[in-house]
Amino acid sequence: MSKKRKNITINDRERWSSDWQKNKDGDNYKPYFNTRDIASSGNKHRVAGLKSGGRVHHLLSTNEYFQFLHLEFDPNVKNIYDQYLLPLDETRAIAKELKVKHPKYQNSAGKPDSPVTTDFVVEYHTGEKKAISVKAKSALKNDRTLEKQTLEEAYWKTNLTQWNMSLDVNLKTNMSINLELLYPFKVLEPIDFYEALSSKWLPNFFSCLSEQPDLPLSEVIEIAASNIGVEYKTSANLFFNAIWNRLIIFDFNKILQLEMSANELEVMPNDYH
């Protein structure tokens, strides 16, 4: 049953904000919205994150999902916080200074002010943080959307944090499609079994690759499987996992299709890993 937030009161808003404040840091983080709270015309996603230690991320669109995959793949990213709440008193003050209307719960009695959220706040291993707002390029034709984006950007600049807008036209790419394919293979279980097997499989795969770079990748994967006595599926799992973990590189601008050859996809060992 849907639990979408509606007929919202000031007490509701304060209770939700208080709950978020208690769980806004580190492993205990909980997003201000979850996928059941918000009506969405697009596809919503609940995804367990690797960088966040298995915490479930609530992504309200395919664009947010693609952005999440790029962040998960980035080795510089330490943690990802989704649906991040901004302090209402600060966004109200900024809205007043900018002379724009603060967002409100338009369909609730009295139209109380609605808190502003940022789609992602990203923590890097360097200690730097960055805020990211994900938007469809077409939405920027709406003046009200631009006002809200200006308000959000001003908040982060006031708090000395970099803010970026990430547009759908830069996310709906072959790289995103490839990351979606690879993400389920980020960790292979049982872990001990696959880690031990990988040490035999990887040099064998590279040897097969160098000998027959024009063969379809599916055939190279099959030969590597046969050489170490495992099933094709196991060998394919190791191949996808090795790409996710940057042991194997290829041209991410091309769709990863196993009927294509290593030469066509520029598949090769990552000598700098």
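Predicted model: local features only at pLDDT ≥ 70, side-chain atom pairs only at ≥ 80, totals over all residues.

Modeller: Angles of 65 to 115 degrees between axes count as roughly perpendicular. The axes of helix H3 (residues 88-98) and helix H4 (residues 143-158) come within 10 Å and cross at roughly 115°. H3 and H4 are therefore roughly perpendicular to each other, and their crossing is right-handed. On the H3 side, the contact is made by Glu90, Thr91, Ile94, Ala95 and Leu98; on the H4 side, Thr150, Leu151, Ala154, Tyr155 and Thr158 take part. Sorted by class, this contact of H3 with H4 has 6 nonpolar, 3 polar and 1 charged residues.

Let us now turn to the sheet. Strands of a sheet pair through backbone hydrogen bonds, either parallel or antiparallel.

E3 and E4 are paired in the antiparallel sense over 7 bridges, and valine 77 stands opposite tyrosine 124 in E4. Strand E4 (residues 117-124) has 8 of its 8 residues buried, so it is largely enclosed by the rest of the structure. E4 also pairs with E5 in the antiparallel sense, over 4 bridges; here valine 122 stands opposite lysine 130 in E5. E4 and E5 form a hairpin with 4 residues between them, and glycine 127 in the turn has a positive phi of about 100°.

The pairing of strand E5 (residues 129-135) with E6 is parallel, with 6 bridges joining them. In this pair, valine 134 has serine 166 of E6 as its bridge partner.

Both of these residues also lead us to a helix. Glutamine 67, in helix H2 (residues 62-73), touches Val134 and Ser166, and its other contacts include Phe120, Ile132 and Leu171. Glutamine 67 and serine 166 are 99 residues apart along the chain, yet their C-alpha atoms are separated by 7.9 Å. Glutamine 67 has a relative accessibility of 8% and therefore counts as buried, the limit for that term being under 20%.

Notes
Residues numbered from 1 in each chain as written. Heavy atoms only, no water. Axes fitted to C-alpha atoms, helices over the stretch in contact; angles between N-to-C directions. Helix = DSSP H or I, 4+ residues; strand = E, 2+ residues; numbered from the N terminus. Parallel < 35°, antiparallel > 145°, perpendicular 65-115°, else oblique. Left-handed = near helix turned anticlockwise from the far one by under 90°. Contact = heavy atoms within 4.5 Å. Nonpolar A, V, L, I, M, F, W, Y, C, P; charged D, E, K, R; others polar. Buried < 20%, exposed > 50% of the residue type's maximum accessible area, 1.4 Å probe, protein only. Pairing = 2+ DSSP bridges. Lists of a residue's contacts leave out its neighbours within four places in sequence.
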